[in-house]
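Welcome to this guided tour.

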Amino acid sequence: MRSVIVFNQVSLDGFFSDADGDMRWAHRDDPEWSAFAADNATSAGSLLLFGRVTYDLMASYWPTAMAREQAPGIADGINATPKIVFSRTLARADWANTTVVRDDPATEVRRLKQTPGKPIAVMGSGTIVSQLADAGLVDELHLAVNPIVLGRGRSMFATLQRRFELRRISTREFGNGNVLMCYAPRG
């Protein structure tokens with residue numbers, strides 16, 4: 001059975017995007033972080049899942065020449081990886097290797113977990129993260145805590161309907177001040 005791994009960057013005050021939906025603050029490059037991010041983008045999952053808002057943000061950057069110039073390893077990996085965007089309003093997806101799914105995310109992810117393959121990765125997509133956590137479908141939560149306080153923003157768990165108790169499985173510090181904290185559901 002495949003696992004579902006959520007990977008998000010968050011501020012010290014727990015937001016994965018600022019009040020305007022901007023996530024540019026999360027890119028604190030140094031060689032160690034860049035190598036980790038490139039490896040994570042190319043090996044973390046054999047399938048990436050997004051909600052429509054995160055999809056729009058990612059699709060507006062990663063397939064561009066600027067992304068290939070600024071972060072070639074990450075761009076190559078994320079562009080080549082199959083992707084699903086959950087949306088009831090998106091007519092079609094223009095980003096290569098992307099499928100639009102209009103069905104309930106929990107139902108589709110439950111089905112995908114039964115197929116063979118590497119882990120399924122969820123990036124951004126707070127509403128999807130909350131829905132999958134509520135359904136008991138998140139196997140690991142990887143949070144890169146950035147040394148910045150936003151004051152206001154969006155929590156990836158804003159729509160969570162139940163308590164989501166976790167246990168720490170690992171941590172890693174980076175030279176840029178980021179701390180990767182990995183958790184699994186408790187119990």
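Helices (DSSP runs of H or I, at least four residues) and strands (DSSP runs of E, at least two) are numbered from the N terminus. What you see is a predicted model, where local features need pLDDT of at least 70 and side-chain atom pairs count only at pLDDT 80 or more, while totals for chains, interfaces and linings use all residues. Residues are numbered from 1 along each chain as its sequence is written, and side-chain values use heavy atoms, with hydrogens and water left out.

**Stop 1: a loop with a positive phi**

Select serine 125, which sits in the loop between S6 and H6. Its phi is near 55°, a positive value in a residue other than glycine. Most residues other than glycine have a negative phi. Is serine 125 buried or exposed? With a relative accessible area of 4%, serine 125 is buried; here buried means under 20% relative accessible area, exposed means over 50%, and partly exposed is in between (1.4 Å probe, protein chains only).

Now jump to asparagine 97, in the loop between S4 and S5. Asparagine 97 also has a positive phi, near 65°, and at 44% relative accessibility it counts as partly exposed.

**Stop 2: strand S3**

Select S3, residues 47-51. How many of its residues are buried? The count is 5 of 5. On one side you find Leu47, Leu49 and Gly51, on the other Leu48 and Phe50, and both faces are covered.

Next, show the neighbouring strands; two strands pair if DSSP finds at least two bridges between them. S3 runs parallel to S6, joined by 3 bridges, and leucine 48 has alanine 121 of S6 as its bridge partner. S3 also runs parallel to S4, with 4 bridges; there, glycine 51 is partnered with phenylalanine 86.

**Stop 3: the largest nonpolar core**

A nonpolar core is a set of buried Ala, Val, Leu, Ile, Met, Phe, Trp, Tyr and Cys residues joined through side-chain atoms within 4.5 Å. Select Leu49, Val122, Leu132 and Met156: of the 25 residues in the largest core, these touch the most other members. Strands S1, S3, S4, S6 and S7 and helices H5 and H6 each supply at least two residues. Which element gives the largest share? That is H6, with 4 residues.

Zoom in on valine 122. Leaving aside neighbours within four places in sequence, valine 122 is in contact (heavy atoms within 4.5 Å) with Val4, Ile5, Val6, Phe7, Leu49, Ile128, Val129 and Leu132.

A second, separate core has 24 residues, including Ala38, Ala75, Leu90 and Ala121.

**Stop 4**

Select H5, residues 105-113. Its buried residues are Pro105, Ala106, Glu108, Val109, Leu112 and Lys113. Seen down the axis of H5, they fall within an arc of 165°, so they line one face of the helix. The arc is that of the directions from the helix axis to the C-beta atoms. An α-helix has 3.6 residues a turn, so residues three or four places apart point the same way. The cover over the buried residues of H5 includes S1, S3, S4, S5, S6 and H6.

Lysine 113 counts as buried at 5% relative accessibility. Setting aside neighbours within four places in sequence, lysine 113 contacts Met1, Arg2, Val4, Ile120, Leu137 and Asp139. Threonine 107, in contrast, is partly exposed, with a relative accessible area of 45%.

Then move to H2, residues 52-59, where Thr54, Tyr55 and Met58 are buried. They cover an arc of only 105° around the axis, which puts them on the same side of H2. They pack against S3, H4, S4, S5 and S6.

**Stop 5: the hairpin of S9 and S10**

Select S9 (166-173) and S10 (179-185), which run antiparallel and are joined by 7 bridges. Glutamate 173 stands opposite valine 179 in S10. The hairpin has 5 residues between the strands, and glycine 177 takes a positive phi near 100°.
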